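Thank you all for coming. I would like to take a few minutes to walk you through one chain, so please have the sequence and the model open as I speak.

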Amino acid sequence: MLLLQTNEISKSFVTDLVLSNISIEIKLGERVALVGRNGAGKSTLLKIIAGEMSADSGEIIIPKDRTMGYLPQNATLDSTRGIYDELLSVFAPLIALEKRMRTMEEQMADPGSFANPKEYDQLLKSYDALQADFRDKGGFTYQAETRSVLNGLNFGSFPDDTPVSNLSGGQKTQLALGKLLLIKPDLLILDEPTNHLDIDTLSWLEEYLQHYSDSVLVVSHDRYFLDKIATKVYEIARHKVRKYTGNYSRYLEVRAAEFESEMKAYDKQQKEVAKLKDFVQKNIVRASTTKRAQSRRKQLEKMELMDRPMGDAKSATFTFDIEQQSGRDVLAVSHLDVGYGDQEPMISDLSFQISRGDRVALVGPNGVGKSTLLKAIDGGSTLRSGEVRLGSHVSIGYYDQEQKSLNPMKTVLNELWDDYPLKPEGDIRTVLGGFLFSGDDVAKTVSQLSGGEKARLMLAKLMMRHDNLLILDEPTNHLDLDSKEVLEGALINYPGTILFVSHDRYFINNIADRIFELSRKGITEYLGDYDYYVDKKLEQEQIAELEAQPEAVQKNETAIGDGKEQFLKEKELKKKKRQLARFIEQTEADISKLEEQINQNQQSLLDPDVFSDSKKSREIQSKIETDEAKVASMMENWESAQLELDEWE
């Protein structure tokens with residue numbers, strides 16, 4: 001069933017075109033991701049669909065009996081209620097129904113009501129009907145659902161009567177999300193719902209949306225999140241929209257393949273056009289070939305020329321380098337207490353070490369003190385007691401998620417140039433150009449910049465410093481998907497040491513080789529990327545559950561040990577099976593890609609321009625033979641892996 005349809009939606013702001021003839025469809029049960037660069041018009045389209053903004057032209061079609069709920073990026077709540085009562089307000093009609101039931105129960109329990117059997121019988125029937133309606137509308141589960149959402153959104157430790165007005169802006173947005181989830185509209189429209197969420201809350205939201213029975217339309221820059229929930233992707237680029245089936249990773253694969261195919265077709269047509277034009281030019285004036293030249297000219301005139309395929313818009317380009325290499329020992333923290341003012345320390349007695357070349361991700365729930373710890377290491381502003389020791393030749397480059405290091409009154413050009421006044425203006429402009437500030441952009445004041453632009457400016461300043469220890473606090477906040485990928489590439493190739501905080505699990509997976517999990521009890525270290533950390537945490541939880549089983553406790557410690565050993569063996573076996581399955585899947589994809597390449601090369605040998613060129617044809621034939629050998633080798637590996645997997649099944 002079609003739940004939403006937009007027909008040729010267009011929108012401009014003054015003279016700037018944002019959306020042009022945008023048409024999308026969402027069916028009941030679909031989870032649709034809307035992706036594109038910052039400024040592409042994603043949030044504008046959501047506002048138009050939600051009725052918060054009018055389109056210049058086009059129409060929105062939604063069945064009359066269907067409901068829609070919209071969460072903007074910075075949604076907030078203005079309420080004097082406590083957090084629990086604020087969420088319960090969603091169920092006001094149900095609560096009123098419940099009160100009517102309680103009143104009727106009192107009437108039924110009153111001995112005086114037995115005096116009139118007919119009226120009493122009617123009271124029982126009315127109560128039964130009311131109870132059935134109450135049950136069908138979720139009357140017996142609404143309080144549990146409310147509690148589940150509160151816990152899932154990280155409000156479980158808050159007193160129920162915590163005033164909404166006392167919450168931070170981010171927490172109010174989370175609570176607004178909770179209300180919307182409890183309302184359960186037929187179409188849930190979410191604009192950057194992962195902002196302000198820690199990793200545990202993100203995981204909970206993913207699972208919730210995966211099991212959401214109705215439809216979801218979401219804008220997010222969290223690639224891990226999009227991979228988990230999306231069943232369809234619409235990309236907005238250059239004011240147009242394009243549809244892709246599958247999750248975010250599938251969208252990237254298909255988009256890349258489409259662009260490659262379109263470029264090949266375009267290049268082929270361009271060569272054909274050039275050849276026809278050349279023939280016409282050389283033969284139009286010669287009497288013996290004029291007719292053929294005229295025929296080629298008509299062929300050119302009838303030909304429907306392809307537009308050059310639109311590749312990605314210009315991306316930021318930058319790298320991080322170091323002035324000098326640090327010593328082997330980069331950072332040592334001993335018995336650290338951190339906090340603010342006269343308040344109790346947020347973290348106490350913290351100790352850890354970081355060596356040259358480490359890439360450490362600091363993870364933990366919101367409010368545990370991750371940013372506070374980074375500030376203590378960088379400048380000591382939150383250091384209460386303990387010691388922070390830097391190794392020899394260590395210089396720190398610090399990225400502050402609050403962007404306080406930027407002067408709102410300066411221009412973009414001066415914000416960077418004032419730090420390096422001896423450099424020529426042209427060099428400063430070149431650096432800014434690499435971060436997508438060009439032309440009049442550099443004359444803007446910092447206060448005029450968007451969050452994403454400020455983030456790029458801070459990265460430009462950080463790049464210029466050439467420090468050998470980068471301390472990054474949420475560096476991917478405000479960045480679009482493309483900018484995140486560029487930042488990842490720069491950090492992967494960075495020759496120094498990195499300590500960073502991020503809620504972007506995809507980013508953590510690509511950058512980190514160690515995970516520090518921060519809690520009120522201290523730091524737990526995991527040697528690996530984010531996926532390893534998740535697997536290890538799950539394994540630890542399962543072992544803890546196994547050891548806590550009453551039967552095992554009653555038997556003896558040996559039984560516990562045997563059960564634990566058996567569990568670990570099964571865990572390792574499952575891990576090997578998953579690795580084999582992934583290897584088989586990847587090998588199949590690689591074989592398919594190589595076979596397609598071989599086929600294309602074989603077809604190219606039939607091209608007169610190729611087979612008439614002996615050198616070129618030999619090169620292509622050699623490439624075909626090399627690829628065929630690779631396919632044969634990969635097939636052997638595939639068969640061995642498949643046999644091994646079959647033996648374990």
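I will begin with the chain as a whole and then go through some of its parts.

Please keep in mind that this is a predicted model, in which local features need pLDDT of at least 70 and side-chain atom pairs count only at pLDDT 80 or more, while totals for chains, interfaces and linings use all residues. Residues are numbered from 1 along each chain as its sequence is written, and side-chain values use heavy atoms, with hydrogens and water left out.

The chain holds 21 helices and 18 strands, where helices (H or I, at least four residues) and strands (E, at least two) are DSSP runs numbered from the N terminus. Its C-alpha trace spans about 120 × 75 × 65 Å along the principal axes. Of the 649 residues, 42% count as buried; buried here means under 20% relative accessible area, exposed means over 50%, and partly exposed is in between, with a 1.4 Å probe and protein chains only. If we take the contacts with a separation of 6 or more, residues 24 or more positions apart account for 69% of them, a contact being heavy atoms within 4.5 Å.

Let me turn to a sheet. Six strands form an open sheet with mixed pairing, in the order S5-S6-S7-S3-S8-S9, and two strands are said to pair if DSSP finds at least two bridges between them. At the edges are strand S5 (68-71) and strand S9 (240-245), each of which pairs on one side only, and the twist from one strand to the next averages 15°. As a reminder, strands of a sheet pair through backbone hydrogen bonds, either parallel or antiparallel. Within this sheet, strand S3 (residues 31-35) and strand S8 (residues 232-237) pair in the parallel sense over four bridges, and Val-32 has Lys-232 of S8 as its bridge partner.

Next comes helix H6, residues 169-183, which packs with helix H5, residues 142-152, at an angle of about 145° and with the axes 10 Å apart. The axes are lines fitted to C-alpha atoms, for helices over the stretch in contact, and angles run from 0 to 180 degrees between N-to-C directions. H5 contributes Glu-145, Thr-146, Val-149 and Leu-150 to the contact, and H6 contributes Leu-175, Gly-178 and Leu-182. By class, that makes four nonpolar, two polar and one charged residues, where Ala, Val, Leu, Ile, Met, Phe, Trp, Tyr, Cys and Pro count as nonpolar, Asp, Glu, Lys and Arg as charged, and the others, Gly among them, as polar.

Why can we call H6 largely enclosed by the rest of the structure? It is because 12 of its 15 residues are buried, and what covers them includes S5, helix H2 (83-88), H5, strand S6 (187-191) and helix H7 (199-210). After H6 comes Lys-184, whose phi is positive, near 55°.

A second pair of helices, H9 (residues 248-283) and H10 (residues 290-302), also packs at an angle of about 145°, with axes 9 Å apart. Their contact includes Leu-276, Phe-279 and Val-280 of H9, together with Ala-293, Arg-296 and Leu-300 of H10, and its residues divide into six nonpolar, three polar and five charged.

In H13, the buried residues are Ile-428, Val-431, Leu-432, Gly-433 and Gly-434, and they pack against helix H12 (412-417) and H14.

Finally, Glu-639 belongs to helix H21 (residues 614-648) and is partly exposed, with a relative accessible area of 43%. Glu-639 and Gly-434 are separated by 205 residues in sequence and by 47 Å in space, C-alpha to C-alpha.
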